[in-house]
Amino acid sequence: MTASTTNTKTGKVYMTYVDQWLDTIPASESEEFKEFAEVTPSIIEIWVYAGILKYPGTFNDMARWVKMKFKKLNRREILNSEIAALHSDIQDLRMAITSGEIKGSDGAARLASLEKELRSHIETSDRMNRTTDKRGLILAGADRVMREMTSIFKDDPHLAEPIDNAINAVFAKIYSELG
């Protein structure tokens, strides 16, 4: 389903497939999911959590819904633009020192400070990328295991509810450990 309006048998109009899906799950789960989506910066984590709640839609539908509903800061983009700006400032400062516009002793101290700040930003960017990659891989793996378990035991009504409860507990534990 796409992000266009959808009419249902009850006459209710939905702007997105995600909104329609949220109306089919218990209100408490729907509210918890919306709160999670609001505070979680990663669309992948939001999509994995939706999968645990049996979201049948596509990743693209979820991504569009999140962009439409919540303002998310792109921390990587901000950090990368700061790194580029610092790099440019360092190059400009070096040129100013070389051309004599700035005294060597004054420029050297400022240059050392800018280079230290640049290294710090690069380390932060690397750490952010490693953490995001690790979280995404762990959550994607957990999601896959949970979907496979659900699929394997879907025909056994005695195991369906305990499996769902276990999946929710495991997801909560994994997510809290990654936080």
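**View 1. The buried residues of helix α5 are Leu 79, Ile 83, Leu 86, Ile 90, Leu 93 and Ala 96.** Buried means under 20% relative accessible area, exposed means over 50%, and partly exposed lies in between, with a 1.4 Å probe and protein chains only. These buried residues of α5 pack against α6, where contact means heavy atoms within 4.5 Å. Helices (H or I, at least four residues) and strands (E, at least two) are DSSP runs, numbered from the N terminus. The 25 residues of α5 should span 36 Å at 1.5 Å a residue, and the end C-alpha atoms of α5 are 36 Å apart, which agrees. The expected span is 1.5 Å times one less than the number of residues in the helix.

The model is predicted: local features need pLDDT of at least 70, side-chain atom pairs count only at pLDDT 80 or more, and totals for chains, interfaces and linings use all residues. Residues are numbered from 1 along each chain as its sequence is written, and side-chain values use heavy atoms, with hydrogens and water left out.

**View 2. A salt bridge joins Lys 69 and Asp 19.** A salt bridge is a side-chain nitrogen of Lys or Arg within 4 Å of a carboxyl oxygen of Asp or Glu. Side chains of opposite charge can pair when their charged atoms come close. In the pair of Lys 69 and Asp 19, the closest N and O atoms are 3.7 Å apart. This pair links distant parts of the chain, with Lys 69 in helix α4 and Asp 19 in helix α1 (residues 17-22), 50 residues apart. Lys 69 is partly exposed at 42% relative accessibility, whereas Asp 19 is buried, with a relative accessible area of 17%. Not counting residues up to four places away in sequence, Asp 19 touches Tyr 14, Trp 65 and Lys 69.

View 3. Lys 34 counts as partly exposed at 30% relative accessibility, and Glu 31 counts as partly exposed at 42%.

**View 4. Asp 164 forms a salt bridge with Lys 54.** The closest N and O atoms of this pair are 2.9 Å apart. Asp 164 lies in helix α7 (residues 157-178) and Lys 54 in the loop between α3 and α4, so the pair ties together parts that are 110 residues apart in sequence. Asp 164 is partly exposed, with a relative accessible area of 25%, and Lys 54 is partly exposed at 44% relative accessibility. The structure holds 6 salt bridges.

**View 5. The largest pocket has a volume of about 710 Å³.** Of the 23 residues that line this pocket, the closest to its centre are Pro 41, Ser 42, Ile 43, Leu 73 and Thr 132. On a 1 Å grid over the protein atoms alone, a pocket is an open set of points where a 1.4 Å probe fits, with protein on both sides within 12 Å along at least five of seven lines, and lining residues have an atom within 4 Å of a point. Helix α6 supplies the largest share of the lining, 7 residues. The lining residues divide into 10 nonpolar, 6 polar and 7 charged.

Methods
Grid points are joined across faces, edges and corners, and a volume is the space filled by probe spheres set on the points. Ala, Val, Leu, Ile, Met, Phe, Trp, Tyr, Cys and Pro count as nonpolar, Asp, Glu, Lys and Arg as charged, and the others, Gly among them, as polar.
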